[in-house]
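Please read them with the structure open.

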Amino acid sequence: MNADHTFEIFLIAPPGLEHILRKEAQDLGFAAARQVPGGVSFEGNWGDVRRANLYLRGATRVLARIGSFRAFHLAQLDKRARKFPWGDVLRPDVPVKVEVVTNKKSKIYHAGAATQRIETAISEELGAPISKSDDETDPVTVKVRIDDNTCIFSVDTSGEGLHKRGHKVAVGKAPMRETLASLFLQACEFDGQEPVVDPMCGSGTFVIEAAEIARGLAAGRSRSFAFERLSNFDEAGWRKLRSEIAEPRGVDLTFHGSDRNAGAVEMGTQNAERAGVADLCRFSHAAVSDLQRPDGPPGLVMVNPPYGARIGNKKQLFAVYAALGEVLKTRFSGWRVGIITSDTQLARATGLPFLPLGAPIAHGGLKVRLFRTDALK
């Protein structure tokens, strides 16, 4: 697969937020990006793979399709896997992990047996060691989907999940992933041109993500990617792309986070410093009832309160949500609000005028929804 060869690039997204990632991909220049279940797909080359990993804020991972063939039984899978041009993409000195998903529509429906055949083919034909580790930093991962007797091979070009920006060391309970936070911000029409307030900021994810967007920082600027360990890695092209990262924009905005937990405030402050946006972020130790509207133009209040499923007592949370709603209604006229929660009753306890709901989104083993408003009267 040479530099000009095009293939399918698949961006994994949390189900229910594919349309938000599609818009982000199109805004980045992937004009033909289309929404499909579980993500976004478009035709591109290895330069596009590198750019997607470096810049996209909402994608969970970037997969590159490296080929496919038909197979109706394990012996056929074994034979064709041995003839597959693994060396075009994989290196014999880099561990490989194989993950297979299949279904009853295919004659090969035992994922474990299929995995074993493909691992053996890679090991014996290419010479690459097979990793059995669950550590996503170790191997390059080949993902195989067997559907209607067609084996579709993709390589995970990201490695560690793209929410790992390389900045956040300190996290609190039930942290929200940066990729998901970015998609929720985008779903609330945040584009970096307005302030953001998070009155239950935890480790500061929403505040820091908003500040990075405002400053125009590349999401993956501080980390490495699995594509750097592939046989076709274009080191010169990668250096050139990184050298073209735009200078940080000047920003005349402040992004505010507060939390009743002093440890969370300290975590947010440290994470903002590592991300290079500490000068744009203000973290304070305060309860929701003490929340004050910042000076300056209105913007977005973005908050991921406790849901009661794992953190806190649900009955007590009704009072917390009601207090949050009262503060926002009385002090934040002109501001939009986005609240993420798994419990519709808790959201309604705020008394805020929410817009129609979108799809439920998987987060931390729960299904959450984004409850958002227009500008408050």
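**Notes on the predicted model**

1. E244 is partly exposed, with 46% relative accessible area. Its salt-bridge partner is K240, at 2.4 Å from N to O. K240 counts as exposed, at 51%. Keep in mind that this is a predicted model.

2. Other salt bridges deserve a look. The structure holds 23 of them. R51 and D48 meet in one, with 3.9 Å between N and O. Both residues sit in helix α2, three residues apart, which puts about one helical turn between them. R51 is partly exposed at 23% relative accessible area, while D48 is buried at 18%. The cut-off matters for D48, because buried means under 20%.

3. D93 and R91 also form a salt bridge, and their closest N and O atoms are 2.8 Å apart. D93 is exposed, with a relative accessible area of 52%. R91 is partly exposed, at 29%.

4. One group goes beyond a pair. R57, R165, E209, E212 and R221 are linked in a network of salt bridges.

5. Now the aromatic rings. The whole structure contains 14 aromatic pairs. In one of them, F7 and W46 are tilted, with centres 5.0 Å apart and 50° between the planes. F7 belongs to strand β1 (residues 7-12) and W46 to helix α2 (residues 46-55), so this pair ties together parts 39 residues apart in sequence. F7 is buried, at 5% relative accessible area. W46 is buried too, at 6%.

6. F227 and F233 make a tilted pair, since their planes stand at 45° with the ring centres 6.1 Å apart. F227 is buried, with a relative accessible area of 3%. F233 is partly exposed, at 23%.

7. F69, F84, W86 and F153 form one aromatic cluster. K104 lies over the face of Y109, at 5.6 Å from the ring centre.

8. An open sheet of seven strands runs in the order β2-β3-β1-β4-β7-β6-β5, and its pairing is mixed. β2 (34-36) and β5 (96-101) are its edges; each has a single partner strand, so one side of each lacks a neighbour in the sheet. On average, neighbouring strands here are turned by 30° against each other, direction ignored.

9. Strand β9 (residues 255-259) and β10 run parallel and are joined by five bridges. F255 stands opposite C281 in β10.

How values were computed
Residues are numbered from 1 along each chain as its sequence is written. This is a predicted model: local features need pLDDT of at least 70, side-chain atom pairs count only at pLDDT 80 or more; totals for chains, interfaces and linings use all residues. Side-chain values use heavy atoms; hydrogens and water are left out. Rings of Phe, Tyr and Trp (its six-membered ring) pair if their centres lie within 6.5 Å; planes under 30 degrees apart count as stacked, over 60 as edge-to-face and the rest as tilted. Helices (H or I, at least four residues) and strands (E, at least two) are DSSP runs, numbered from the N terminus. Buried means under 20% relative accessible area, exposed over 50%, partly exposed in between (1.4 Å probe, protein chains only). A charge sits over a ring if NZ of Lys or CZ of Arg is within 6 Å of the ring centre and within 35 degrees of the ring normal. Two strands pair if DSSP finds at least two bridges between them. Axes are lines fitted to C-alpha atoms, for helices over the stretch in contact, and angles run from 0 to 180 degrees between N-to-C directions. A salt bridge is a side-chain nitrogen of Lys or Arg within 4 Å of a carboxyl oxygen of Asp or Glu.
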